[in-house]
Amino acid sequence: GRVRDAELVEFVAPNAPVIAYAESVRFETSARPRILVGFFRADRWWTTLKSQGIVTPFLVDAGGNILLHPDREVLASPAFATNPLVAAAISSPLPLELRSFDWNGQGFLGGFADVGGGLKIVSMAPESEVFRASMRLA
């Protein structure tokens with residue numbers, strides 16, 4: 001019989017967050033497109049994201065929606081395309097970029113990297129935190 005999505009997720013990663021990803025693909029031997037679906041355990045990524053100090057890294061899709069973020073509350077409303085760094089990431093042809101930007105009245109430093117399949121890792125930190133150590137030494 002057919003395996004339901006919930007059963008598959010439980011088999012792949014019991015008690016762990018899971019990312020389901022689907023993309024349309026074409027094969028040379030077929031005129032019809034196919035859908036490639038993958039399920040990824042997110043627990044190791046989650047641990048890495050939560051342990052980055054002043055930097056907030058997160059994973060976004062091509063539409064600017066957050067797939068993984070260290071703050072679970074952010075995942076409740078994942079549309080993040082209004083963030084200037086995310087907007088730049090989803091529209092940029094560059095595989096990697098660093099920039100400074102303002103968001104919600106605060107200065108940030110950030111960057112993004114293309115990880116394939118339309119996904120980007122985006123990292124940002126408040127400028128005030130980044131430069132705090134150097135200002136103490138001055």
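Predicted model: local features only at pLDDT ≥ 70, side-chain atom pairs only at ≥ 80, totals over all residues.
1. Five strands line up in the order β4-β3-β7-β6-β5, forming an open sheet with antiparallel pairing. At the edges sit β4 (66-68) and β5, each of which pairs on one side only. From one strand to the next, the twist averages 35°. If the word "pairing" is new to you: strands of a sheet pair through backbone hydrogen bonds, either parallel or antiparallel.

2. Now zoom in on β3 and β7. These two strands run antiparallel to each other and share 5 bridges. Which residue of β7 is the bridge partner of F58? That partner is V122. Keep both names in mind for the next point.

3. The largest nonpolar core has 15 residues, and the members that touch the most others are F58, F80, V122 and M124. So where does this core come from? At least two residues each are supplied by β3 (56-60), α4 (84-91), β5 (96-103), β6 (106-116) and β7 (119-126). The largest share comes from α4, with 4 residues. There is also a second, separate core of 6 residues, with L49, L59, L68 and L119 among them.

4. Next, have a look at K120, in strand β7. Is this lysine buried or exposed? K120 counts as buried, because its relative accessible area is 6%, under the 20% cut-off. The side chain of K120 reaches the backbone oxygen of A89 at 3.2 Å. Beyond its close neighbours in sequence (up to four places away), K120 touches residues including F58, L59, V60, S92, L94, F112 and D114.

5. Finally, check N104, in the loop between β5 and β6. Its phi is positive, about 55°, although N104 is not a glycine. That deserves a second look because most residues other than glycine have a negative phi. Is N104 buried or exposed? N104 is exposed because its relative accessibility is 68%, over the 50% cut-off.

Technical notes. Residues numbered from 1 in each chain as written. Heavy atoms only, no water. Core = buried A, V, L, I, M, F, W, Y, C linked by side-chain atoms within 4.5 Å. Buried < 20%, exposed > 50% of the residue type's maximum accessible area, 1.4 Å probe, protein only. Polar contact = N/O pair within 3.5 Å; in protein donor to acceptor, adjacent residues only side chain to side chain. Contact = heavy atoms within 4.5 Å. Pairing = 2+ DSSP bridges. Axes fitted to C-alpha atoms, helices over the stretch in contact; angles between N-to-C directions.
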